[in-house]
Amino acid sequence: MDAAARAAEAAFEAFAALPPAPRAAFLRSIADRLASRDNGLVERAGAETALPRPRLESERARTANQARLFADLLDEGSWVDARIDRAQPDRQPSPRPDLRRMLVPLGSVAVFGASNFPLAFSVAGGDTVSALAAGCPVVVKAHPAHPGTSELAARAILQAARETGMPDGVFSMIHGPSPAVGFRLVTHPAIRTVAFTGSFRGGKALFDAAARRDDPIPVFAEMGSANPVFVLPDALATRGEEIAKALAASVTLGAGQFCTNPGLLLVAPSDAAAAFVARLGALLAEAPAGTMVHAGIKAAYDAQLAAVAAIPEVALAARSPARGPNAATEAQPALLVTDGPAFAAQKRLGEEIYGPVTVAVRCSSRQDVLAAARRLEGHLTATVHATGRDLASFPDLLPILARKAGRVVVNGVPTGVEVAHAMHHGGPWPATTDPRATSVGTAAILRFARPVCFQDVPEGALPEELRDANPRGIFRLVDGRLTKDAL
């Protein structure tokens, strides 16, 4: 761990000073190596996680494509948010200096691979490629659930680094199942920021450890979410069957191991509400068992499900009897049902149960629905199924949910996080440690950069992005006006 962190620190100045083009070439080389069908990644990931090959092929394509997306971002260049306020030497009562500001790399990054996405949120996933795009060396802590997959992905990155002439130490990976490995990495003086995807307990522990350092560093942790779904009366009446089928598929997708599976359902009062909840229960009872990544996750799912079902006001309304070939990792879908007063009284009902289950809350009034929305903690997503009439009847609901979640979905499902410029995959505490940050989409690069203002610096000593001629041709905010023009 010490050798990896020190190597990253030694590589930082040279790597951060590289022009965008070599960094973009590095990312494209990583993408090409990940996309190759000869690297054994999909086969190894299937053996270690039992995830089906089509899912892993899709995840590999996503992993390679997001590396290419960040390479394209570097080519375009405007992500550095260059701002120029030109000098006003004749201004009264005092002159204004020449001020030029842009984002620069933050320093070496510790990335923690996630268990549920062995490729896209792991060694070569979005955290790693966005940090490398920003000009930050990376030390990855591999997840112990898929060490071989991690090793193959790490080799692809190291080969790409050598191929494109990156400085030694720009990427390293360490293994180790003990939490002490992660804590040592987070507290190493050469590490300047942390990216984590996993449980609330794990993310909070790393966040606290980083805050206790003599020099506290930021931790960008995505820590889980129940992703509430609201179903309003007119939508229930007009397309209840369609919504039930879509929700059942979303709850069970990936055996409930997506960070955006809908684990909380709030049903507005309606003549169709009881039939809708019963239909959803029937669909989940018919759903096949899903394979979880490892036995520990499945055991935790069973324990959490049993604990919530034991709350007196909660009923286990449905549970699939289906079992797969390996009982140690096969999770059975389920539906829990409760009411508004219980949801108000029991904080646990609004928290994530990691697995293929959702908690349905039967609300008794419009005020009950809005009160439940206001009671929510932070989540990655919040979804509303509604018609235009519903939205007119509940005008407060979307503004409330915009305060509670990083992404608000209307008439869809939260599963399926598009890797795009406008995506925000984050949310208020406790979904993440910083609601301003996203771990998906090109804005993810902003986690690993910080602003620097250059005052009265001679033209030749400025970064290219801030020079008068604008040799990179990027968008800049010049005297308050966004432009690509040279000065």
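How many bridges join E8 to strand E15? There are 3, and the two strands run parallel. This is a predicted model, where local features need pLDDT of at least 70, side-chain atom pairs count only at pLDDT 80 or more, and totals for chains, interfaces and linings use all residues. Residues are numbered from 1 along each chain as its sequence is written, and side-chain values use heavy atoms, leaving out hydrogens and water.

**Strand E8**
- Strands (E, at least two residues) and helices (H or I, at least four) are DSSP runs numbered from the N terminus, and two strands pair if DSSP finds at least two bridges between them.
- E8 covers residues 228-231, with Pro228 and Phe230 buried on one side and Val229 and Val231 buried on the other (buried is under 20% relative accessible area, 1.4 Å probe, protein chains only).
- Val229 has Thr383 in E15 as its bridge partner.
- E8 is also joined to strand E9 (residues 264-267) by 4 bridges, running parallel, and Pro228 stands opposite Leu264 there.

**Cavities**
- A cavity is a set of points on a 1 Å grid over the protein atoms alone where a 1.4 Å probe fits but cannot get out; lining residues have an atom within 4 Å of a point.
- Volume is the space filled by probe spheres set on the points, which are joined across faces, edges and corners.
- The count comes to 4 cavities of 30 Å³ or more.
- The largest cavity has a volume of about 90 Å³ and is lined by 15 residues, with Phe220, Ala221, Glu222, Ser439 and Arg447 nearest its centre.
- The second largest cavity is about 50 Å³ in volume, and its lining includes Ser225, Phe258 and Tyr354.

Note on methods:
1 Å grid on protein atoms, 1.4 Å probe; cavity = no way out; pocket = protein on both sides within 12 Å on 5 of 7 lines; lining within 4 Å. Buried < 20%, exposed > 50% of the residue type's maximum accessible area, 1.4 Å probe, protein only.
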